[in-house]
Structure formats: C-alpha cells, structure tokens
Amino acid sequence: MTTPTPLSFDARPLTEPVDPKDVTAFAREMRARKGGGVSAGTVIAIIVISLMLVIAVPMVALGIIAGIRSGAPVVGLPFLLILVVIVIVGVVLFFGYRRSRVTRYRLNRFASANGMTYEDRVDDPSLPGMIFSIGRSRHAKQLVRGHSPRFVEFGNYQYTVKSGKNSTTYRWGYVAVKLDVPLPNIVLDALGNNGFGSNLPASFRRDQRLSLEGDFDKYFTLYCPEGYEQDALYLFTPDIMARFVDNAAELDVEIVDDWLFLYTKREASTLDPSTWAWLFGAVGALITKLDQWARWRDDRLAAASPARSFTDAAPGSHALPFAPPAGMLQPPPGVAKQGRRLKRGGSWITVAIVVVFAVGWMVLQAIR
C-alpha cells in the first residue's frame, strides 16, 4: 500500500505570542459580524460579576469591619473567607474569558495562514449527522473551514439532553467532508475509542452489521442499510479500508446523504498542533480516495426515475462500477428511500435493564 503524503500546514499561529490589542480588535470584529449583539453567556457573566461587586463585596466588608470594632476579629473571619472566594471566582472568570478570546483569535489566524476560513459559532447547524439532531441548545463553535479540493469543516459541537429534572451536556469534536454525490447511510463504529459499549449517541439494529475482509473488523463495526451490502463492498474497497484503519481507527465515521463525518470525543478545533496534524493526516488520506465514490449510483432509482442512457452519457463518464449493456439507463445521483437512513435499535444496556426489571417484577408476583 502506498502511504499518502501528509498534508503540510503552518502551526505557528497556534502557539506564537499574540498582541493583546490585536485580540481586542478581533473580538470587536466578531461582535460586529453578529450585528453587535452580546451572547447570553456574556450577559449572565456580567450580571453575576455586577451583583458580586455591588452587593456581596460591601456586605462582606461591613461584616469584617463590624467584627473588628466589636473586639472579636473571629466574627469577621467567615466574611473574610467569603471575600477570598469572591476574588478567586472573579479571577477565574476573568482569565477564562481572556483565554477564550485568545483561543478564537489564534484559530482565526491559523485558518487564514492555511488558506481556510474561521466562523466563531453556528447555532443548530443544519448538518445531517447523527449528533446534530439530538437534544436542545445545539451549537457548533470554533469552526475552521477548508474549501479546496473539497469543502471540509473542523468544529466543536455540543448539545444538552434533559432527563427528568437533570440535564447532561455532551460535547463532540467533528470533521465534516462534503462528498460529490449522496451515498447510503453507513456508520463505522471505531472499536478503539469505545468503553463499556459503543460511545455513539445512537444504536443500530444488529441485522445491519456487515463484516468486511481482512482485519477491518478488528478496528470498526460497519453498519449499512439492509440490501446495501454489495454497495458497501463497492465503496469500501481494500485500499479504502486500509486508509481508514491506518488514519482513522480512533474516529467514528458516518456517511449520510452527501457528507462524510468523523467524530471524536475530544476537541477537533484546538490549539494543539498534534491534534491538527492527526486530523489533517486522516482527512488528507481519505479525500484522495473519495473521487471513486462519486461514480456510485443506486440502481434502485433507475426504474423509478427518468434517466439518460449510457449512449447519451458524456465520453469517458463512468457512472457505475461496471460496464453496462448498450442502452442501459444510468440512474441519477441519489439514494433510494430504504438506503437513506439506518434503522435504529435499542442499546443492549437498555435492553438488559428492561429484562432485569421484567424478571424482578415476575419474581415479586410469584412470591405474592
């Protein structure tokens, strides 16, 4: 197998010193892009700090002074401790805010230095991947986008899931790669990043699992829609499987519509040069092989849709992975309904819990 040449990139903007004036000017520019509005998080932080300064600090100061005047300094000790806590919280908030501004500035410079663009935040992004339709308060941030040779987006994403009175926020790093044509919904669950079961936010029916040749099954569990097994074998040729194993074995993969997604539980858009080297290497290794996926067509659409014959096709076009008989219709780009989405299944952990409760209930009924 030929090892792909790693993508070169300029990582200096991620680590070199920055001028605070430039950071302030960039923050001002970001606010202007959003129409001059202030984010809800910033408003909340301003309110909290204002209340601390206007109410809490004077009350604590008065408590300390009262303790000293009464001749019992110990009385003012709790107030002094509260003041120390307030100061620590204020310092943490200040440096956190400052670090966030510097991070965004560095990522913007990194994107510019490497011929890409930067977007600070997108609420409820309209992407078809499995992580983008779950929960509420969905947003992607620190988006670094490349536009050549095809569109690629590196971002950090989070959403909140509410269960009863409790809420849990989930965070993902992702890479979104635009494909040439829609493809069947295929998921590669990387075994190397799983813990107690799959770390994916969705589960799929076991009858959609497909075993591939070689050692591929040691690194990924592949799911494809029922009836699309041969299509998956066409898309995942031995050389493409080798690229995924060598470069993306720690990344979960989803193909859906005309997108390829790589998912990770760590930040994808970061100030860590080694993470960028890893992700750039994975994307660079894969996109050199994606052109052959553009030739895939779903022959299930041939009978249902108007289509041109191969005799009318442009010279040199190869719309199907085989030589068709003369006059055979070429299916249009697209995927039949049954192949557009995988069928979801219950988690085996959830099933086990249900079975345990059911057995326990039956035992209790038998005892009674």
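1. Throughout this note, buried means under 20% relative accessible area, exposed over 50% and partly exposed in between, computed with a 1.4 Å probe on protein chains only. By that definition arginine 150, at 11% relative accessibility, counts as buried.

2. On the basis of the model: it is predicted, so that local features need pLDDT of at least 70 and side-chain atom pairs count only at pLDDT 80 or more, whereas totals for chains, interfaces and linings use all residues. Residues are numbered from 1 along each chain as its sequence is written, and side-chain values use heavy atoms, with hydrogens and water left out.

3. On the nonpolar cores (sets of buried Ala, Val, Leu, Ile, Met, Phe, Trp, Tyr and Cys residues joined through side-chain atoms within 4.5 Å): the largest has 57 residues, of which Phe236, Phe244 and Trp293 touch the most other members. Strand S4, residues 166–190, gives the most to this core, with eight residues; strands (E, at least two residues) and helices (H or I, at least four) are DSSP runs numbered from the N terminus. Apart from this core lies another, of 21 residues, including Ile131, Leu143, Tyr157 and Leu200.

4. Phenylalanine 236 deserves a separate entry. When its neighbours within four places in sequence are left aside, phenylalanine 236 is in contact (heavy atoms within 4.5 Å) with Ile186, Leu188, Leu212, Leu222, Met241, Phe244, Ile255 and Trp293.

5. On salt bridges, defined as a side-chain nitrogen of Lys or Arg within 4 Å of a carboxyl oxygen of Asp or Glu: the whole structure holds 16. One of them pairs arginine 121 with aspartate 123, with the closest N and O atoms 2.8 Å apart; arginine 121 is partly exposed, at a relative accessible area of 40%.

6. A salt bridge also joins aspartate 291 and arginine 150, whose closest N and O atoms are 3.2 Å apart. This pair links distant parts of the chain, 141 residues apart, with aspartate 291 in the loop between helix H7 (273–287) and helix H8 (337–340) and arginine 150 in the loop between strand S2 (136–146) and strand S3 (152–163). Aspartate 291 is partly exposed, with a relative accessible area of 48%, while arginine 150 is buried.

7. Arginine 300 and aspartate 231 form a further salt bridge, the closest N and O atoms being 3.1 Å apart. Arginine 300 lies in the loop between H7 and H8 and aspartate 231 in helix H5 (residues 229–235), so the pair ties together parts that are 69 residues apart in sequence. Here arginine 300 is partly exposed at 27% relative accessibility, and aspartate 231 is buried at 11%. Both belong to a network of salt bridges that links Asp231, Asp298, Asp299 and Arg300.

8. Helix H7 has 15 residues and reaches 21 Å from its first C-alpha to its last, close to the 21 Å expected at 1.5 Å a residue, where the expected span is 1.5 Å times one less than the number of residues. Among the residues of H7 that are buried are Thr275, Trp276, Leu279, Phe280 and Ile287.

9. A cis peptide bond, with omega about 5°, joins serine 148 and proline 149, and proline 149 is found in the loop between S2 and S3. Serine 137, in strand S2, has a positive phi of about 50° although it is not a glycine, and is partly exposed at 46%. Aspartate 257, in strand S7 (residues 252–264), likewise has a positive phi, of about 55°, without being a glycine, and counts as partly exposed at 26% relative accessibility.
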